[in-house]
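Take a walk through this protein chain, from its overall fold down to single side chains. Keep the sequence and the model side by side.

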Amino acid sequence: MFVENMPVSLLPMKNSNMLQEVTFRVDYTAPNVGREFGTVYLGDKNVAYSIIAAGWARVKEQGPKGGEPSPYLTELLRLEEVAKQQGLGRWSKVSKSFCF
């Protein structure tokens, strides 16, 4: 497994004058296409955890072909189940239309 921390940029924190570093950590590289897959952190927080916990996305269990599943999969599935039980985001019973 190839792991490297790469600062991407600095983002302002909500309701704060502080900046937080955004980091992409490569978890693996698909050998057939050379594409890197990894995890994004805002400061020290795993962004995927936050998105799944809010119910804004669902977990895709498929990992790299022939490789090991993500070390984050168990926690992501747990967070998704909590979001479902609480009816958050995409699991809400309220209308699914959104305005941006």
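Predicted model: local features only at pLDDT ≥ 70, side-chain atom pairs only at ≥ 80, totals over all residues.

Residues are numbered from 1 along each chain as its sequence is written, and side-chain values use heavy atoms, with hydrogens and water left out.

Start with the fold. The protein chain has four strands and two helices. Helices (H or I, at least four residues) and strands (E, at least two) are DSSP runs, numbered from the N terminus. Read from the N terminus, the order is β-β-β-β-α-α.

Next, the packing. The protein chain has 100 residues, and 20% of them count as buried. Buried means under 20% relative accessible area, exposed means over 50%, and partly exposed lies in between (1.4 Å probe, protein chains only). A contact means heavy atoms within 4.5 Å. Among contacts with a separation of 6 or more, 31% join residues 24 or more positions apart. The accessible surface of the protein chain is about 7,800 Å². Carbon and sulfur atoms supply 57% of that surface. These areas come from the Shrake-Rupley method with a 1.4 Å probe; for residues, only the protein chains shown count as cover.

Now look at the charges. How many salt bridges does the structure hold? There are two. A salt bridge is a side-chain nitrogen of Lys or Arg within 4 Å of a carboxyl oxygen of Asp or Glu. One pairs R25 with D27, with 3.2 Å between the closest N and O atoms. R25 and D27 are both buried. The other pairs R78 with E75, where the closest N and O atoms are 2.8 Å apart. Both residues sit in helix α2, three residues apart, so about one helical turn separates R78 from E75. R78 is partly exposed, at 44% relative accessibility. E75 is also partly exposed, with a relative accessible area of 27%.

The surface also carries a patch of positive charge, formed by R58, K60, K84 and R90. Patches are made of residues with over 30% relative accessible area and no salt bridge; like charges are joined within 9 Å, and nonpolar side chains (Val, Leu, Ile, Met, Phe, Trp, Tyr) within 5 Å. Lys and Arg count as positive and Asp and Glu as negative, while His and the chain ends are not counted. The place of a charge is taken as NZ of Lys, CZ of Arg, CG of Asp or CD of Glu. Where in the chain is K60? K60 lies in the loop between α1 (47-53) and α2 (73-86). K60 is exposed, with a relative accessible area of 60%.

Turn to helix α1. Y49 lies in this helix and is partly exposed, at 25% relative accessibility. Leaving aside residues up to four places away in sequence, Y49 touches Y72, E75, L76 and L79. Y49 and E80 are 31 residues apart along the chain, and their C-alpha atoms are separated by 9.0 Å. S50 lies in helix α1 as well. S50 is partly exposed, with a relative accessible area of 35%. From S50 to L79 the distance is 8.8 Å, C-alpha to C-alpha, across 29 residues in sequence.

Finish in strand β3. This strand covers residues 35-42 and includes E36. E36 is partly exposed, at 38% relative accessibility. E36 and R25 are 11 residues apart in sequence, and 9.4 Å apart in space from C-alpha to C-alpha. R35 is also in strand β3. R35 is exposed, at 53% relative accessibility. Not counting residues up to four places away in sequence, R35 touches Y28, T29 and A30.
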